[in-house]
Amino acid sequence: MQHKAIAKALAAIIVIGGGLGYFGYEALQSSWSYYYSVDDFAGAEKAMQAHSLRLAGRVQPGSVARDLEKASLQFTLAGAQAQLPVRYTGVVPDNFVEDREVVVEGRLTPTGVFQADTLMTRCESKYQAKGK
Amino acid sequence: MGELGPFALRLGLFLSGYALVIDLLGLWRKRRELLDSGRNATVASLLCLTVAMASLWVLLVRGEFAVSYVAEHTSRTLPLAYKITALWAGAAGSLLLWLWLQTGFVVLAFSRSCGTDGRFGACARAATNLVALFFSLVLVFDKDPFAVSPTTPADGVGLNPLLQHPAMALHPPALFVGYAAFAIPYAWTIAVLRQANPSEPAPFFARARTWSLVAWAFLTVGIALGAWWAYEELGWGGYWAWDPVENSSLMPWLTATALLHCARTYRAGTRIATWFLVLAIGTFGLCLFGTFLTRYGLVSSVHAFPDPGLGILFLVLLIQIGVLAGILFLRRHLRREGIASGQTSGVRVLVWNNWLMVLLTAVILVGTLFPFFSGFLSDPPISLKSEYFTKITSPGGLILLLLLGACPHLMRRGFTWGWRTVGAAVTAAAAVSIWVLAGSPAIAYLVTCGFVGLSLVGDFVARYARRRPDTARPPRRTTLRWHGARVVHIGVLMTFIGIAGSSGFDVEKQAALKPGERIQVGKFELVYNDLKADHGPNFTAVTADVSVYRGARQIDSLAPSIAFYAQSGQRTSEVDIRRTLAGDLYLALTQADSTTKLVNLTIYQKPLIDWIWIGNVLMVLGALLTIVAVTGRNRSVGQTEVVEE
């Protein structure tokens with residue numbers, strides 16, 4: 001009886017642990033991204049080119065350019081010192097305005113432009129994720 | 001009025017501290033008059049908080065911009081309704097609302113008729129007054145809603161136009177009613193744990209259960225309103241983004257769902273009783289933790305160390321509750337004698353459900369805290385995209401669905417090879433092979449939903465069509481409760497169908513269109529006719545006129561728009577949606593040029609998405625039916641009711 005119970009518990013741990021491990025690995029693998037502020041990112045561009053990234057900074061005033069033909073948006077993500085051009089295609093959050101703090105997710109292209117597939121704006125108490 | 005609020009708040013702080021001390025003293029010295037004083041102090045602190053709430057409301061409505069909270073969340077032109085709801089627009093006001101609700105609920109549940117010696121109620125009051133004390137400290141010393149700024153601004157900042165929506169006005173208070181009501185099962189648990197002998201029958205269980213149901217219903221309303229608002233207002237075609245704020249409301253919801261299932265077969269001294277107690281404390285702890293997490297921006301910051309200020313009090317409180325509950329549990333464990341194991345197959349199934357809910361909560365918690373903790377281990381910190389949550393919860397969700405199909409039956413009849421058991425096994429095999437071979441979790445989900453639907457229909461057939469005429473009718477309360485549970489389950493099923501359909505078969509298209517151009521989306525053809533400009537008092541709006549064709553026939557016309565508010569530089573987009581049960585066609589105007597009339601449209605097809613909203617309504621209705629059923633029964637039968645079925 002004792003042995004049976006232990007065997008059962010072991011089987012349960014293996015099945016649940018294995019499943020959790022597998023799905024956890026899968027989930028982490030696909031969503032792992034490095035989180036930088038624009039300032040910290042300056043200097044790490046080379047090493048991070050192949051990685052999925054999440055960057056935070058401000059929208060540089062005067063840098064926002066909308067290209068309606070290609071349904072895309074370009075702006076400069078600025079920190080205290082560093083700057084980075086960003087290109088984004090998709091739904092622009094309503095509270096996206098110049099000088100607002102934003103977070104972008106995506107990858108750095110070889111040309112040095114950051115291709116964002118998510119654009120989020122941040123409010124004080126809550127930041128709303130939008131679009132892909 | 002300016003001085004009354006802060007004074008009432010400080011008096012409330014003093015009174016809840018006094019009530020805590022005097023109740024504990026009374027419990028220790030076994031003195032009845034001390035306990036009475038503790039009860040009166042709790043009632044008095046409720047009065048103080050009511051005065052504080054009322055004066056904050058008066059300040060908001062009158063627009064006293066000298067008070068920072070009023071200036072930050074209202075403005076002169078804000079409609080009256082939103083001046084009233086501005087009470088919970090910020091952290092300070094919402095904490096005050098929570099505290100007021102919680103104190104009110106405690107007074108309702110534990111001030112009158114609390115046993116012969118009143119000690120049970122006193123212990124429960126002490127547990128919540130501890131929380132109230134911490135909340136009051138935070139309110140008075142950190143997030144003071146009555147704080148006055150040195151200069152009085154001429155006008156307030158106003159409320160973000162995005163938040164000026166009925167769903168957003170009601171979403172926070174619904175959540176806070178839920179959070180505050182979970183204080184009752186938590187307090188009840190602490191009071192039960194004080195009893196040294198675990199087999200001693202726990203008094204007032206019905207109150208803990210009823211308040212858990214109420215809390216669950218409100219939490220469901222809150223979460224559903226938030227999701228609906230995101231879908232209607234944010235224009236990205238989704239309703240759930242797995243951001244920390246959303247996660248922190250979902251986690252207590254999951255543990256509370258497990259809690260309610262344990263309440264069904266609660267009997268003192270059993271394994272399920274222990275589960276109930278742990279889940280009650282865990283649920284309330286998650287409510288507190290989520291508020292701390294989001295209101296102090298712990299996880300939304302780039303750098304891992306925002307200054308939490310007095311928010312650290314929340315952690316102190318959580319640790320205190322944890323340590324207290326741990327000690328009490330340990331004491332019971334050491335003193336227990338011959339606990340009934342209660343190991344029937346029904347209980348086993350219930351325990352599976354509990355573990356699954358706890359596991360889901362745990363993986364969501366890990367993902368939410370991941371960016372914070374990764375800051376200690378890795379430079380730069382690592383954050384997880386929302387895919388993490390979708391991927392890690394979807395297998396668990398599928399198992400949950402299978403349990404929903406098989407378990408109500410297994411719990412009643414025990415494990416037998418009935419058609420449901422076989423059906424569950426076949427469905428599981430089919431779902432796994434569809435998922436692995438066809439790579440489509442959505443189809444696997446829908447197949448499982450089909451089985452759950454059949455199982456639910458089977459329940460009704462067994463009850464109504466196959467009942468022998470000579471058997472006695474069950475009491476009305478039992479019938480009501482049976483239907484309540486079924487309605488909730490149908491709601492959950494519909495929600496799952498909606499989630500699977502809208503996330504597995506959705507279509508997204510970005511289009512740049514000139515007037516007269518057309519675009520094919522699924523079986524629809526959209527024609528962009530014209531861009532119309534509109535001028536309001538403080539905004540200019542552009543609206544795209546889009547006709548929807550199926551084949552040659554025009555079936556609808558949609559008008560998504562963008563409004564620009566010159567004063568604030570804000571722009572809001574109003575989506576337009578064609579809703580059918582089969583799915584939504586969702587149009588957002590992304591960008592528009594009013595001179596060339598060139599527009600960018602984002603078009604989504606979201607199959608079955610409205611099933612989510614209908615499902616959510618059913619879940620709440622079912623919970624209400626159950627509340628009516630259990631509260632009615634308490635009065636007629638009392639505490640000693642036997643679990644039916």
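Me: How many bridges join S1(A) to strand S1 (residues 382-384) of chain B?
Reply: This is a predicted model, in which local features need pLDDT of at least 70, side-chain atom pairs count only at pLDDT 80 or more, and totals for chains, interfaces and linings use all residues. Residues are numbered from 1 along each chain as its sequence is written, chains are lettered from A in the order in which they are written, and side-chain values use heavy atoms, without hydrogens and water. Strands are DSSP runs (E, at least two residues), helices likewise (H or I, at least four), numbered from the N terminus, and two strands pair if DSSP finds at least two bridges between them. S1(A) and S1(B) run antiparallel, and the number of bridges joining them is three.

Me: Which residue of S1(B) is the bridge partner of Tyr34(A)?
Reply: The strand concerned in chain B covers residues 382-384. Within S1(B), the partner of Tyr34(A) is Ile382(B).

Me: What area do chain A and chain B bury between them?
Reply: Buried area is the accessible area (1.4 Å probe) that two parts lose on being put together, summed over both. Carbon and sulfur atoms carry 60% of the area here. The total is about 4100 Å².

Me: Which element gives the largest share of the side of chain A that touches chain B?
Reply: Elements giving two or more residues to this side include helix H1 (2-31) and strand S1 (32-37) of chain A. The largest share is nine residues, and it comes from H1(A).
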